[in-house]
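Please examine the sequence and the model shown below.

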Amino acid sequence: MGRNKGHTPVRTCISCGVKRGKKELVRLILDPPGLVVRDDSGKGRGRGAYVCLNKPCIGKLETGDRLKRAFRKERPLFLHPEFLEEMSDEGGYIKMKS
Ligand SMILES: [Zn+2]
(Lines give C-alpha, C1' and ligand atoms only; values in the text may rest on other atoms or scores of the structure.)
Protein backbone atom coordinates (compact mmCIF):
# COMPACT_ATOMS: atom_id res chain seq x y z
CA MET A 1 0.00 0.00 0.00
CA GLY A 2 1.26 3.38 -0.97
CA ARG A 3 4.32 1.96 -2.62
CA ASN A 4 5.41 3.77 -5.69
CA LYS A 5 5.72 1.32 -8.53
CA GLY A 6 8.05 3.17 -10.82
CA HIS A 7 7.26 6.25 -12.81
CA THR A 8 3.89 7.31 -14.16
CA PRO A 9 3.86 8.22 -17.83
CA VAL A 10 3.45 11.96 -18.16
CA ARG A 11 2.01 13.72 -21.16
CA THR A 12 1.64 17.36 -22.06
CA CYS A 13 -1.69 18.98 -22.86
CA ILE A 14 -1.55 20.53 -26.32
CA SER A 15 -3.80 23.39 -25.17
CA CYS A 16 -2.40 24.61 -21.87
CA GLY A 17 0.99 22.91 -21.86
CA VAL A 18 0.51 21.43 -18.40
CA LYS A 19 2.06 18.05 -17.81
CA ARG A 20 -0.18 15.45 -16.23
CA GLY A 21 -0.35 11.76 -15.71
CA LYS A 22 -1.51 9.94 -18.79
CA LYS A 23 -4.82 9.01 -17.19
CA GLU A 24 -5.77 12.60 -16.51
CA LEU A 25 -5.57 13.48 -20.17
CA VAL A 26 -7.51 12.22 -23.12
CA ARG A 27 -5.59 10.84 -26.07
CA LEU A 28 -6.51 12.15 -29.48
CA ILE A 29 -5.92 10.48 -32.79
CA LEU A 30 -7.03 11.06 -36.35
CA ASP A 31 -9.78 8.86 -37.71
CA PRO A 32 -9.56 7.68 -41.32
CA PRO A 33 -11.43 10.70 -42.76
CA GLY A 34 -9.04 12.97 -40.88
CA LEU A 35 -11.17 14.13 -37.97
CA VAL A 36 -9.80 14.18 -34.46
CA VAL A 37 -11.38 11.56 -32.23
CA ARG A 38 -10.78 10.23 -28.74
CA ASP A 39 -8.66 7.18 -28.38
CA ASP A 40 -10.05 5.82 -25.14
CA SER A 41 -8.24 2.53 -25.47
CA GLY A 42 -4.91 4.29 -25.89
CA LYS A 43 -4.07 1.80 -28.58
CA GLY A 44 -4.97 3.75 -31.66
CA ARG A 45 -2.42 3.77 -34.39
CA GLY A 46 -0.37 6.68 -35.48
CA ARG A 47 0.56 9.93 -33.86
CA GLY A 48 -1.41 10.86 -30.78
CA ALA A 49 -1.89 14.11 -28.92
CA TYR A 50 -3.10 14.69 -25.40
CA VAL A 51 -5.46 17.26 -23.96
CA CYS A 52 -6.86 17.92 -20.48
CA LEU A 53 -10.34 16.62 -19.77
CA ASN A 54 -11.85 20.02 -19.37
CA LYS A 55 -13.81 22.42 -21.45
CA PRO A 56 -11.34 25.30 -21.66
CA CYS A 57 -8.60 23.09 -23.04
CA ILE A 58 -10.82 21.23 -25.45
CA GLY A 59 -12.50 24.48 -26.45
CA LYS A 60 -9.14 25.84 -27.57
CA LEU A 61 -8.84 23.00 -30.04
CA GLU A 62 -11.85 24.15 -31.99
CA THR A 63 -9.83 26.64 -33.97
CA GLY A 64 -7.88 23.81 -35.54
CA ASP A 65 -4.42 25.35 -35.36
CA ARG A 66 -3.23 23.55 -32.26
CA LEU A 67 -4.36 20.25 -33.66
CA LYS A 68 -2.62 20.98 -36.91
CA ARG A 69 0.64 21.52 -35.10
CA ALA A 70 0.17 18.58 -32.76
CA PHE A 71 -0.37 16.21 -35.64
CA ARG A 72 2.13 17.96 -37.90
CA LYS A 73 -0.31 18.48 -40.70
CA GLU A 74 -0.39 21.21 -43.28
CA ARG A 75 -4.09 21.85 -42.93
CA PRO A 76 -6.17 22.75 -39.87
CA LEU A 77 -7.69 19.75 -38.13
CA PHE A 78 -11.01 19.66 -36.39
CA LEU A 79 -12.58 17.68 -33.63
CA HIS A 80 -15.16 15.12 -34.57
CA PRO A 81 -18.66 16.54 -33.85
CA GLU A 82 -19.39 13.68 -31.48
CA PHE A 83 -16.41 14.68 -29.43
CA LEU A 84 -18.00 18.01 -28.63
CA GLU A 85 -21.39 16.47 -27.95
CA GLU A 86 -19.87 14.37 -25.23
CA MET A 87 -18.76 17.41 -23.36
CA SER A 88 -20.68 17.94 -20.18
CA ASP A 89 -21.82 21.35 -19.07
CA GLU A 90 -21.59 20.34 -15.47
CA GLY A 91 -18.18 20.84 -13.99
CA GLY A 92 -16.66 21.21 -17.38
CA TYR A 93 -15.72 17.57 -17.64
CA ILE A 94 -16.39 15.13 -20.35
CA LYS A 95 -18.34 12.00 -19.67
CA MET A 96 -16.03 9.08 -20.08
CA LYS A 97 -17.27 6.23 -22.16
CA SER A 98 -16.94 2.96 -20.38
ZN1 LIG B 1 -4.84 21.56 -20.72
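Ala70 counts as buried because 20 C-beta neighbours lie inside 10 Å; a residue is buried if 20 or more other C-beta atoms lie within 10 Å of its own, exposed if 12 or fewer, and partly exposed in between, with C-beta atoms placed from the backbone. This is a predicted model, in which local features need pLDDT of at least 70 and side-chain atom pairs count only at pLDDT 80 or more, whereas totals for chains, interfaces and linings use all residues. Residues are numbered from 1 along each chain as its sequence is written.

**Surroundings of Ala70**

- Ala70 lies in helix 2; helices (H or I, at least four residues) and strands (E, at least two) are DSSP runs, numbered from the N terminus.
- Leaving aside neighbours within four places in sequence, Ala70 is in contact with Ile14 and Ala49, where contact means that the C-beta atoms of two residues, placed from the backbone, lie within 7 Å.
- Ala70 and Ile14 are 56 residues apart along the chain, yet their C-alpha atoms are separated by 6.9 Å.

**Overall architecture**

- The chain contains five strands and three helices, arranged along the sequence as β-β-β-β-β-α-α-α.
- The chain has 98 residues, of which 20% count as buried.
- Of the contacts between residues at least 6 apart in sequence, 49% join residues at least 24 apart.

- Three strands form an open sheet with antiparallel pairing, in the order 4-3-5; two strands pair if DSSP finds at least two bridges between them.
- Strand 4 (36–38) and strand 5 stand at the edges with a single partner strand each, so one side of each is left without a neighbour in the sheet.
- From one strand to the next, the twist averages 40°; axes are lines fitted to C-alpha atoms, for helices over the stretch in contact, and angles run from 0 to 180 degrees between N-to-C directions.
- Strand 3 and strand 5 run antiparallel and are joined by four bridges.
- Across this pairing, Val26 stands opposite Val51, and Arg27 stands opposite Tyr50.
- In strand 5, Ala49 and Val51 point one way and Tyr50 and Cys52 the other way, and all are buried.

**The nonpolar core**

- In the largest nonpolar core, which has 18 residues, Cys13, Tyr50 and Val51 touch the most other members; such a core is a set of buried Ala, Val, Leu, Ile, Met, Phe, Trp, Tyr and Cys residues joined through C-beta atoms within 7 Å.
- Two or more residues of this core come from each of strand 3 (25–30), strand 5 (49–52), helix 1 (55–59) and helix 2 (65–70).
- Not counting residues up to four places away in sequence, Val51 touches several residues, including Cys13, Ile14, Leu28 and Leu61.

- Arg72 lies in the loop between helix 2 and helix 3.
- Although Arg72 is not a glycine, its phi is positive, at about 55°.
- Arg72 counts as exposed because it has 8 C-beta neighbours inside 10 Å.

**Confidence**

- The mean pLDDT of the chain is 82, and 81% of the residues reach 70 or more; pLDDT is the predictor's confidence in each residue, from 0 to 100.
- Confidence is highest in helix 2, with a mean of 94, and lowest in helix 3 (residues 81–85), with a mean of 76.
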